[in-house]
Each structure stands twice: as structure tokens, then as C-alpha cells.
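This report is for a reader meeting the structure for the first time. Please look through the sequence and the model below before reading on.

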Amino acid sequence: MAQGCIFCRIVEGESPARKVYEDEAVVAFHDIAPQAPVHVLVIPRKHIPSVLELEESDAPLVWAIHRAIREVAQRTGIAESGLRVVTNCGKDGHQTVFHLHYHVLGGRGLGWPPG
Ligand code: 5GP
Ligand code: ZN
């Protein structure tokens, strides 16, 4: 657990979250400020600051995240209609929480390119 990390606090159950799915490696919960009818964050339990800090030994975790994304899509009813998976990284990527997370967005047509 990283000191002062809000997502580590959610993993530890010290901060509340509306969970959609969880397993031994991953937790998925509704974003507090949804940008689409479905906006879920999928995070590893392990504190990894961003997508750039993943290592080869995290390969099973990367699979677990993608398995969880599919599960979230099915549970929230957007698997058929479509979705977008986003991980923001660094200043230009508009990352604000430095615990790796994947936004799962859907429930409406999403613009492209992103703003
Ligand atoms: P980022 O900008 O780092 O890609 O995304 C961080 C996301 O986390 C934002 O969409 C923000 O609304 C969400 N968020 C920040 N703090 C909390 C929290 O305490 N609970 C939940 N559920 N979402 C949060
Ligand atoms: Zn963390």
C-alpha cells in the first residue's frame, strides 16, 4: 500500500467505492465523477504508478486486468453496444491518480479523437 494513495485505500477497504467486480488481483468500481452512463475504473490491487511502470513479471496481472474489463463490460450491459478502455499517463495524458487504472466507458456513442 502506497502512503496517501486513494486507490490503495479503496483496495484496503478504508475508502468506500461502488464495486462492480473484484478478484485476487483486481478491483473494479464506479468512477466518482462519471463521464458516460457507464464509467468504471479497473485497478490492480498492487500499487503501480502508471502503465509505464509495468514489468514483465506483471504479465499475469495484465491478463487479470483484461479479464476484469470483459467481466465489467458484461455486468454493466455494454459488451454488445461497445466501450472504450483508457489509461491516462502523465501530465499530457491527464493522469490525476498515480495508481494504475483503466477507465471503462460506455452506454453512449463516444467521440473520436478524444479532446
Ligand atoms: P485519471 O485522471 O487519473 O485518469 O483518472 C482518475 C479518475 O479517478 C477520475 O475519473 C476521478 O473521477 C476518479 N476518482 C478520483 N478519486 C476517486 C475516488 O475516491 N473514488 C472514485 N470512485 N473515483 C475517484
Ligand atoms: Zn495505490
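In what sense do strand 3 and strand 5 pair, and over how many bridges? Strand 3 (residues 38-44) and strand 5 are antiparallel, with five bridges between them.

## Basis of the model

The model is predicted: local features need pLDDT of at least 70, side-chain atom pairs count only at pLDDT 80 or more, and totals for chains, interfaces and linings use all residues. Residues are numbered from 1 along each chain as its sequence is written, chains are lettered from A and ligands numbered from 1 in the order in which they are written, and side-chain values use heavy atoms, with hydrogens and water left out.

Helices (H or I, at least four residues) and strands (E, at least two) are DSSP runs, numbered from the N terminus. Two strands pair if DSSP finds at least two bridges between them.

Buried means under 20% relative accessible area, exposed over 50%, and partly exposed in between (1.4 Å probe, protein chains only). Five of the five residues of strand 5 (residues 102-106) are buried, so the strand is largely enclosed by the rest of the structure. In a regular strand the side chains alternate between the two faces of the sheet. Tyr102, Val104 and Gly106 lie on one side of strand 5, His103 and Leu105 on the other, and all are buried.

## The zinc site

Cys5 (SG), Cys8 (SG), His47 (ND1) and His99 (ND1) coordinate the zinc ion (ligand 2) at 2.0 to 2.3 Å. Donors are N, O and S atoms within 2.8 Å of the metal (3.2 Å for Na, K and Ca); water is not among the atoms, so sites may look incomplete. The angles among the four donor atoms are 105 to 116°, and the site is tetrahedral, a term that requires all angles of four donors to lie between 85 and 135 degrees.

Along the chain the donors have the spacing C-x2-C-x38-H-x51-H. Cys8 in helix 1 and His99 in the loop between strand 4 and strand 5 link distant parts of the chain, 91 residues apart. Both Cys8 and His99 are buried.

## Backbone details

His94 is located in the loop between strand 4 and strand 5. His94 has a positive phi of about 65° although it is not a glycine, and at 58% relative accessibility it counts as exposed.

Trp112 and Pro113 are joined by a cis peptide bond, with omega about 0°. Pro113 belongs to the segment after strand 5.

Conventions:
Four donors count as tetrahedral if all angles lie between 85 and 135 degrees; four count as square planar and six as octahedral if opposite donors are over 155 degrees apart and all others between 65 and 115; anything else is irregular.
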